[in-house]
Amino acid sequence: MDSIDTLLIEPDIDNAEALAACLTRVFPGGRALHAPSIEAVDHTDLRGVRIALCADSPPDIDPAELHDVLLDRIPSAPMIALLDTPEQSRLDALLSHGVTDFLPRRGCSCQALAFTIMKCLGVARIERDRLRLHAGLTRSLAELVQRNRELVESTDRLEEMASTDPLTRLNNRWWLKQRLDATFAVAARYGSDLACVMIDLDGFKSVNDTHGHQRGDRVLALTGEMIAREIRASDAAARYGGDEFIVLMPRADARTATHLAHRLRRAFSERVRPEAGADCSMCIGIACLSISRPGAAETLIRHADLALYAAKRAGPGEVRICGPDGAEALTDAAFAA
């Protein structure tokens, strides 16, 4: 058999010598380290010890107490209690304190001793393997959770990048198309209103021509920031392209959309025009589901564009609303009260 170093705690010297001789015989080359008391264990070199045999000899030696002492020094070594009288209550108490197995204190055959030790070492090895496997699975699970979290965060960042206009920090045209289709479908199904507000910076070209594109970018960024501040939490704003912006307003009628248009014009004059110059103004076209009654989401955009075109023809800072069936543009006076 393999050489196995054993810790033997036995106050009876004669019995300790008999057990040590048996251990030497069944595990040649192994050491049988004898300690007559628990206190003596503190002064014993336990390096290499793989198993402990402890006489259940109250009150001086208690295997349960010794098991607690050895946990810090040889935590993976199983313990076999050597019993004079194997009473069931005592067996249960020792098992509950971590004792692995039992043998008669005296008269135990070398064969039984060897078999029990090898069985306990096998159980201990299985338990160590289980703990290593559990620790490995725990680490793998933690790594998987972390990688999944990183993947979700990376996906969120990519989705944000794909749907956000980098200059204005508003949503971009691709995102608007997805949102418009879904919002239009909900409004059409439940019979609720939907307003589309299209915004154009009239005279914006002069900003680039006079002050350069860096100033123009600044004006667009300020406009995007201003729109984001003025719209409702339920609204969605996007840069449609160039100096055009769109705000989708679910469950908003023409009056609500007109009030937003007026707020946007005032905010533009206060916050953006000082940067853009007096020649730059904001024109707004509005289309509402309940008025122009478009048959498709794209038609709602087209109706808002028609209203915007009419507003630009009417002059700087004008607001127009698309009429029934997109055939005409209405002034905002009827909806501003």
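## Surface patches and salt bridges

Val-145 sits in helix H5 (residues 110-163). Helices (H or I, at least four residues) and strands (E, at least two) are DSSP runs, numbered from the N terminus. This is a predicted model, in which local features need pLDDT of at least 70, side-chain atom pairs count only at pLDDT 80 or more, and totals for chains, interfaces and linings use all residues. Residues are numbered from 1 along each chain as its sequence is written, and side-chain values use heavy atoms, with hydrogens and water left out.

Val-145 is partly exposed, at a relative accessible area of 40%. Buried means under 20% relative accessible area, exposed over 50%, and partly exposed in between (1.4 Å probe, protein chains only). Together with Leu-141 and Leu-144, Val-145 makes a nonpolar surface patch with about 290 Å² of accessible area. Areas come from the Shrake-Rupley method with a 1.4 Å probe; for residues, only the protein chains shown count as cover. Patches take residues with over 30% relative accessible area and no salt bridge, joining like charges within 9 Å and nonpolar side chains (Val, Leu, Ile, Met, Phe, Trp, Tyr) within 5 Å.

A negative patch is built from Glu-39, Asp-42, Asp-60, Glu-65 and Asp-68. Lys and Arg count as positive, Asp and Glu as negative; His and the chain ends are not counted. Each charge is placed at NZ of Lys, CZ of Arg, CG of Asp or CD of Glu. Glu-39 belongs to helix H2 (residues 38-41). Glu-39 is exposed, at 54% relative accessibility.

The salt bridges number 22 (a side-chain nitrogen of Lys or Arg within 4 Å of a carboxyl oxygen of Asp or Glu).

| Pair | Closest N and O atoms |
|---|---|
| Arg-90 and Asp-62 | 2.9 Å |
| Asp-84 and Arg-106 | 3.0 Å |
| Arg-239 and Asp-165 | 3.3 Å |

Arg-239 lies in strand S7 (residues 236-241) and Asp-165 in the loop between H5 and helix H6 (173-190), so this pair ties together parts 74 residues apart in sequence. Arg-239 is buried at 17% relative accessibility. Asp-165 is buried at 10%.

Asp-84 is partly exposed at 43%, and Arg-106 is partly exposed at 42%.

His-34 is in strand S2 (residues 32-35). Leaving aside neighbours within four places in sequence, His-34 contacts Leu-8, Glu-10, Ile-13 and Ala-16 (heavy atoms within 4.5 Å).
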